[in-house]
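Dear colleague,

Please find the structure below for your records. My notes on its contents follow directly after it.

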Amino acid sequence: MENIELKKIANEVRKGIIISTHAGKSGHPGGSLSAADIFTYLYFEEMNIDPKNPKNPDRDRFVLSKGHTAPGLYSALAMKGFFPFEDLTSLRHLGSYLQGHPDMHLTPGVDISTGSLGQGVSNAVGMALAGRMDKKDYRVYTLLGDGELEEGQVWEAAMFAGFQKLDNLCVIVDNNGLQIDGSIDEVCSPNPIDKKFEAFNFHVVKADAHDFDSLRAAFKEARDTKRMPTAIICTSVKGKGISFMENQAGWHGVAPNDEQKEAALNELKKAGEELCQM
Amino acid sequence: MSDVKKIATRQAYGEALAELGEKYENLVVMDADLAASTKTAMFKKKYPDRFFDAGIAEANMVSMAAGLATAGKIVFASSFAMFATGRAYEQIRNSVGHCGLNVKIAATHGGITVGEDGATHQCLEDVSLMRNIPGMVVCVPSDYVEAKEAVKAAIEHEGPVFLRFGRSNVPVINDREDYKFELGKGVVLKEGSDVTIIGTGVCVDSVLQAEKMLAEEGINAQIVNIHTIKPIDEELITQCAIKTGKIVTVEEHSVIGGLGSAVCDVVCKTHPVPVCKIGIQDQFGTSGSADVLMKYFRLDAQGVYEQVKEFLGK
């Protein structure tokens, strides 16, 4: 797929994030927006998945270890055709199949329920291990927040994956630099992230989370890397695409109100129009 | 008594895994650097490709087990009860319980019969922790025979199961022709009318011995073995409450949240009767040999006998 097409889809994914968190009156727009291009690349370019056959045992797997950014995942899944885009407005409502954090039994396309930070990456390692045992060639992708790297379990999982040389595993870090209490450097810095993963026997690639050429090159390098797992450290902007949300820790877990929703959608509408003229 | 065969339930666990590995090709076993102690090493030796040592990282082990289970594996994850259920509680709740995955938390070294290692290693809360997770089956086998059957039943059961095994050698009490194991079904070991004594795990043997001492004094106790604490056999427990009017529970576990609590949950709903909960009374364990500790915490035959008499006012 051409980058321009991916950009158009990512713009729609961002609209879904705004619409759903506004309707849910809660949720996590900041980290969903920083990962919107990553979700788009994974579901429209990288992963072998089929919305008509979401349980295919040979499919690639995706684990949203930073489960609070479910609005971004749901929006990408809806765009891909796993369920109707209109249903995004049911986010976090009683009875909705779009729970506050991903639920494998309710939402088509969700491979495992996540939300408690640090656990998803271990789930992904288990899936990669199963793939290797079964001699399947599917790949397993997991997306972590940079604040999430403060969870000790991440490094237990990394130690095991590196030791086991799980080259079918790709860990993606959404390195937007912000967590709830502020900048990651002010809270409890996980830096240097690249050197840590290297020390745990990962191949490390750096990418720009908002540049599809950069993501394309990084994911190709991950696929080509043998006998070790890959960690792609994606430099990103929290709240990316909405001017007043960008780089604001305050937009981690707050939903836009009516006015903010309109302002955000207007920005995305304008961005979409510009993409159509390119 | 000296010729009674004594084997640890963890030994049965290891043997059962190794025996069942052939029939169940999707059986995978994980451990956290305790394979020699938990006896999963027996499976490891026979099926090295289906055994994974997570190292000393219980949280990761449990969450990885969940990941493996999403791909159709039946995964047994083992460590000492303290670390399997305590350290990794939230992983069990969220990655296994909430996901309803086919992971079996098979913990050894439960209770005070861990012995000399003392309080930090004597888990007295594991049944309580596992019982409160929706959908979790909780099973505490009483001896070698029952432990082997429990492993089979756990494999056959689709979904999360917690199994508790012990470190110490305990008498084989179920080695008989008509023994039948059914998950969720209690076993009446002796009919009686004055009081029902319900035991679980290693305490079933204490209860059987105490019954003889009580019988000598004319107390006719009904004896029940509850190996499955969740889902518990509500029908049997209610029948016992109606029949004997008094219940004593005996467990090598805190009386908060374990067998005693589970039995109370049943009778307060179906047929309220006085219940005496014998177990660890809201305290930590301590170092000592298993036998000495069973006596110290009044969980041996003498201790159970005395406490039943106190409860009956005799």
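Helices (H or I, at least four residues) and strands (E, at least two) are DSSP runs, numbered from the N terminus. This is a predicted model, in which local features need pLDDT of at least 70 and side-chain atom pairs count only at pLDDT 80 or more, while totals for chains, interfaces and linings use all residues. Residues are numbered from 1 along each chain as its sequence is written, and chains are lettered from A and ligands numbered from 1 in the order in which they are written.

Backbone geometry in chain B

Asp33(B) sits in the loop between strand S2 (27-31) and helix H2 (35-38) of chain B. Although Asp33(B) is not a glycine, its phi is positive, at about 65 degrees. Asp33(B) has 16 C-beta neighbours inside 10 Å and therefore counts as partly exposed (20 or more other C-beta atoms within 10 Å make a residue buried, 12 or fewer exposed, and values in between partly exposed, with C-beta atoms placed from the backbone). Lys39(B), in the loop between H2 and helix H3 (41-46) of chain B, also has a positive phi, near 75 degrees. With 26 C-beta neighbours inside 10 Å, Lys39(B) counts as buried. Most residues other than glycine have a negative phi, and most peptide bonds are trans.

Cis peptide bonds

Asn191(A) and Pro192(A) are joined by a cis peptide bond with omega about -5 degrees; Pro192(A) belongs to the loop between helix H7 (184-187) and helix H8 (193-199) of chain A. In chain B, a cis peptide bond links Lys230(B) to Pro231(B), with omega about -5 degrees. Pro231(B) is placed in the loop between strand S12 (228-230) and helix H10 (234-244) of chain B.

Strand S13 of chain B

Strand S13 (residues 247-254) of chain B has 8 of its 8 residues buried, so it is largely enclosed by the rest of the structure. Strand S10 (residues 195-199) of chain B pairs with S13(B) in the parallel sense over 4 bridges (pairing requires at least two DSSP bridges between two strands). Gly199(B) has Val250(B) as its bridge partner in S13(B). Strand S14 (residues 275-280) of chain B runs parallel to S13(B) and is joined to it by 5 bridges; there, Lys277(B) is the bridge partner of Thr249(B).

Contact between the chains

In total, 21 residues of chain B are in contact with 20 residues of chain A (C-beta atoms, placed from the backbone, within 7 Å). H4(B) gives the most to the side of chain B that touches chain A, with 9 residues.

Yours sincerely

Terms used: Two residues are in contact if their C-beta atoms, placed from the backbone, lie within 7 Å.
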